[in-house]
Amino acid sequence: MSLGNILANGVQIALRRCGIYKLHAAGVVKPGSDKGALIIGDSGCGKSTLTIELASSGWRYLSDDALILSENCGVVEAHGYRRRFALLQASLDENRLSRLAEALGDPFAANANKRWIDPAVLFPNRFAERCIPRALFFSDIRERFQTTVVKLSQSEVMKLLIRQCPPTHFDLPEARQHLRLLAQLVNQCVGYQLMAGTDILTERGRASALLASHMQQ
Amino acid sequence: MSTITAPVPLNHVIFSGFDDGEGMLVDLQKKSYYQLNETAVLVWQCLEKRLSFEEVINKVLAVYEVSAEHAAASVENILRQLCARELVR
């Protein structure tokens, strides 16, 4: 484990003692609103690709991969935990982003196939410091053209959140408060399974229209 | 009137309730979680308030239009499942 990872883990433990919890998710804000959407899933589920697509369509962004959650007056807020994006070279090749060369950074240490990207160069003034999540999209990539979105029950959403938050299981001193925050997040959001097809990559604006249509309530 | 003591939720079992009426129990020791339907949520909340078995049945009768026998059978069934999974003592 690198020194950076050790320090990051220490910071996360300290944050949990303060009621602030990391979530492996991307965060975006729907254009013309303050409604936040979290795109949740393991590495390779399309979080960064979707964030780039949505930011290209006018959505504001918090992070492509890591958020922290905290409760403020009974409402769960999300904050960006990592500002730079990390994208697979293949995704970079598929995206027709202007100023990409300028935004391109070093190779990503944890995955040699990824590169760091500075989103502030690609999407100036689109960074959102925080948002109130209103939709949760649990994403995975499917080998088909059309993307499908299925609404989940609140219990299903909670199960998926618990799987994404291992500290819920092992960090006993904060587990009760952590679970309470996750339940509050479930209650303030609508949860969906997002089975991402290739249409999201090939049709510019498709991801934006699809996610926005599920955030009308 | 005699009262039968209902089981007590264990400290390491955490309940989360949702707006749709369902809920979830997370057992922090076994690292497992269990989905609760609306009736089970009502029963669990009664157990947290340390209500007796009769009081739990009366709560169920106050919420659902069922016979006393049906309510008692439902509560017994839920308590049996909670005991079997060692979520209460």
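This is a predicted model: local features need pLDDT of at least 70, side-chain atom pairs count only at pLDDT 80 or more; totals for chains, interfaces and linings use all residues.
Visitor: Which element gives the most to the side of chain A that touches chain B?

Guide: Let's look at the elements that give two or more residues to that side: helix 6 (154–164), helix 7 (167–170) and helix 8 (172–188) of chain A. By class, that side has eight nonpolar, five polar and three charged residues. With seven residues, the element that gives the most is helix 8 of chain A.

Visitor: What area is buried between chain A and chain B?

Guide: The contact involves 16 residues of chain A and 15 residues of chain B. Carbon and sulfur atoms give 60% of the buried area, which is about 1500 Å².

Visitor: Why is one side of strand 1 and of strand 3 of chain B left without a neighbour in the sheet?

Guide: In chain B, three strands form an open sheet with antiparallel pairing and the order 1-2-3. Strand 1 (13–17) and strand 3 (32–36) therefore each have a single partner strand, because they stand at the edges.

Visitor: Which helix of chain A packs on the sheet?

Guide: Within the sheet, five bridges join strand 1 of chain B to strand 2 (residues 23–27), and B:Ser16 stands opposite B:Met24. The helix you want touches strand 1, strand 2 and strand 3 of chain B, and its direction makes about 30° with that of strand 2. That is helix 6 of chain A.

Methods: Residues are numbered from 1 along each chain as its sequence is written. Chains are lettered from A and ligands numbered from 1 in the order in which they are written. Side-chain values use heavy atoms; hydrogens and water are left out. Contact means heavy atoms within 4.5 Å. Buried area is the accessible area (1.4 Å probe) that two parts lose on being put together, summed over both. Helices (H or I, at least four residues) and strands (E, at least two) are DSSP runs, numbered from the N terminus. Ala, Val, Leu, Ile, Met, Phe, Trp, Tyr, Cys and Pro count as nonpolar, Asp, Glu, Lys and Arg as charged, and the others, Gly among them, as polar. Two strands pair if DSSP finds at least two bridges between them. Axes are lines fitted to C-alpha atoms, for helices over the stretch in contact, and angles run from 0 to 180 degrees between N-to-C directions.
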